[in-house]
Amino acid sequence: MNFSEVFKQSNQLCKVSPDGKYLATCVQYRLVVRDVATLQILQLYTCLDQVSHMEWSSDSQFILCAMYKRGLVQVWSLEQPDWHCKIDEGSIGLVASRWSPDGRHVLNTTEFSLRITVWSLCTKAVSYIKYPKACQKGLDFSRDGCYMALAERRDCKDYVSIFVCDDWHLLRHFETETQDLAGVEWSPNGCVLAVWESCLEYKVLLYSLDGRLLSTYSAYEWSLGIKSVSWSPSSQFLAIGSYDEMVRILNHITWKTVAQFQHPSSINNTKAVVYKEVEKRPAVSEDLSIHNISMGSTLFSTQSKYEIFLPPVHLPVVKPDPERANPKIGISSLAFSSDSRYLATKNGGFQVQSLSWHSSGDSLILLGKDHLCLCYMETEQEDK
């Protein structure tokens, strides 16, 4: 496993383009686009304010930068650096912005989730969708980009509406058996829609496209429940991360558990490969003179590398404060590799803010609070 140098970024805004060729990072109000192979800077854009959200279009030709405080969205073109688009939501405000699957429409969610505005970059047409629910993941597109599932809240009840992305007309609308719906997610093959409850209850519901309830899964009761959900690219497995620090894998035939993974503080498996960051400081010479120190000197900088540790390995555990809200416990991130062979998870309050796989499936992107690392999987160690 090899690691790149550390690059600056702000607000964990770092994403690889869908084609796997470019890496975009935001540093305050600047957008930096790098080549993934060489990590050299290709384009540098300047936004009107500090960027709150950044997202690639599906064809890797455009980059969306949202500035929620000012209610603005700027769109940049990679092929035509001089071209750009600015969307101003005005006094109604802006809390979320994202691309449609075709990469030519921008969906903006206004403050208090009053509506979703769909802006077309080609025709400049505008469409409005009412009653979106403010939740963890209330909107998701099918893999083929033809349909959009939207969680809604009407008359104190949860609903799911399915829209056609061509002209944004309503196709299906059905009520869900949830008390407080927290998210919806399409299976990659577009046949099943996963719906789950808020963290107060462990409950996952699987619906067909016509609104039929296929199955319901609940691992336990009377405790904090689901924290993250992710489909495998093959649609054969559904991974569920919960507050009990376990990942449960459901199969797509019976919707029963086929595997469970714990996150113990001690790793005793002899086949496991553990990488630990080791910091090193340069030695200071006794005859060092202040005149020999230049502004660009790395004398007092800390260098680090990752060494392989053999099991057993004891991981540092930080117990959350029960008196504080939103405790840093449970599985907060799940990411399948492109071939569905590997599953990366993040448990508890580790320094890694988010994780995602490169499109090739051979490298894992670890995003820290103020840094970024690329981890490359070595083919000769795949069996480990």
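Visitor: Before we start on the strands, when do two strands count as paired here?
Guide: Two strands pair if DSSP finds at least two bridges between them. Bear in mind that this is a predicted model.

Visitor: Fine. How many bridges join β1 and β2, and in which sense do they pair?
Guide: Three bridges join strand β1, residues 14–16, to strand β2, residues 22–27, and the sense is antiparallel. Within that pairing, Lys15 is opposite Ala24 of β2.

Visitor: What sits between those two strands?
Guide: Five residues separate β1 and β2, which form a hairpin. Gly20 lies in the turn and has a positive phi of about 75 degrees.

Visitor: And how many bridges does β2 make with β3?
Guide: There are six bridges between β2 and strand β3, residues 30–35, and these strands run antiparallel. Ala24 has Val33 of β3 as its bridge partner. Ala24 also stands opposite Lys15.

Visitor: What about the turn between β2 and β3?
Guide: β2 and β3 form a hairpin too, with two residues between them. Gln28 is in that turn, with a positive phi of about 60 degrees.

Visitor: Switching to aromatics. How many aromatic pairs are there in the whole structure?
Guide: A search of the whole structure gives eight. One of them is Tyr22 with Trp56, with 6.1 Å centre to centre and 20 degrees between the planes.

Visitor: Why is that one called stacked?
Guide: The planes of Tyr22 and Trp56 are 20 degrees apart, and planes under 30 degrees apart count as stacked.

Visitor: Where in the chain are the two residues?
Guide: Tyr22 is in strand β2 and Trp56 is in strand β5, residues 53–56. They are 34 residues apart, and the pair links distant parts of the chain.

Visitor: Is Trp56 buried or exposed?
Guide: Trp56 counts as buried, at 6% relative accessibility. Tyr22 is partly exposed, with a relative accessible area of 22%.

Visitor: What is the geometry of Trp231 and Trp255?
Guide: Their ring centres are 5.9 Å apart and the planes are at 85 degrees, so the pair is edge-to-face. This pair also links distant parts of the chain: Trp231 is in strand β21, residues 226–231, and Trp255 is in the loop between β23 and β24, 24 residues apart.

Visitor: Buried or exposed, those two?
Guide: Trp231 is buried, with a relative accessible area of 6%. Trp255 is buried as well, at 9%.

Visitor: Which residues make up a ring cluster?
Guide: Phe62, Trp83 and Trp99 are linked into a cluster by ring pairs.

Visitor: New topic: where is Ser208?
Guide: Ser208 is in the loop between β19 (204–207) and β20 (213–217). Ser208 is buried, because its relative accessible area is 7% and buried means under 20%.

Visitor: What does Ser208 contact?
Guide: Its side chain makes a polar contact with the side chain of Asp210, at 2.3 Å. Leaving out residues up to four places away in sequence, Ser208 touches Cys191 and Leu214.

Visitor: Back to sheets. What is the strand order in the one with β9?
Guide: The order is β9-β10-β11-β12, in an open sheet of four strands with antiparallel pairing. The edge strands are β9 (96–99) and β12 (126–130), and each pairs on one side only. From one strand to the next, the twist averages 20 degrees.

Visitor: How many bridges join β9 and β10?
Guide: Four, in the antiparallel sense, with β10 covering residues 105–109. Arg98 stands opposite Leu107 in β10.

Notes
Residues numbered from 1 in each chain as written. Predicted model: local features only at pLDDT ≥ 70, side-chain atom pairs only at ≥ 80, totals over all residues. Heavy atoms only, no water. Phe/Tyr/Trp six-rings, centres within 6.5 Å; stacked < 30°, edge-to-face > 60°. Buried < 20%, exposed > 50% of the residue type's maximum accessible area, 1.4 Å probe, protein only. Polar contact = N/O pair within 3.5 Å; in protein donor to acceptor, adjacent residues only side chain to side chain. Contact = heavy atoms within 4.5 Å. Axes fitted to C-alpha atoms, helices over the stretch in contact; angles between N-to-C directions.
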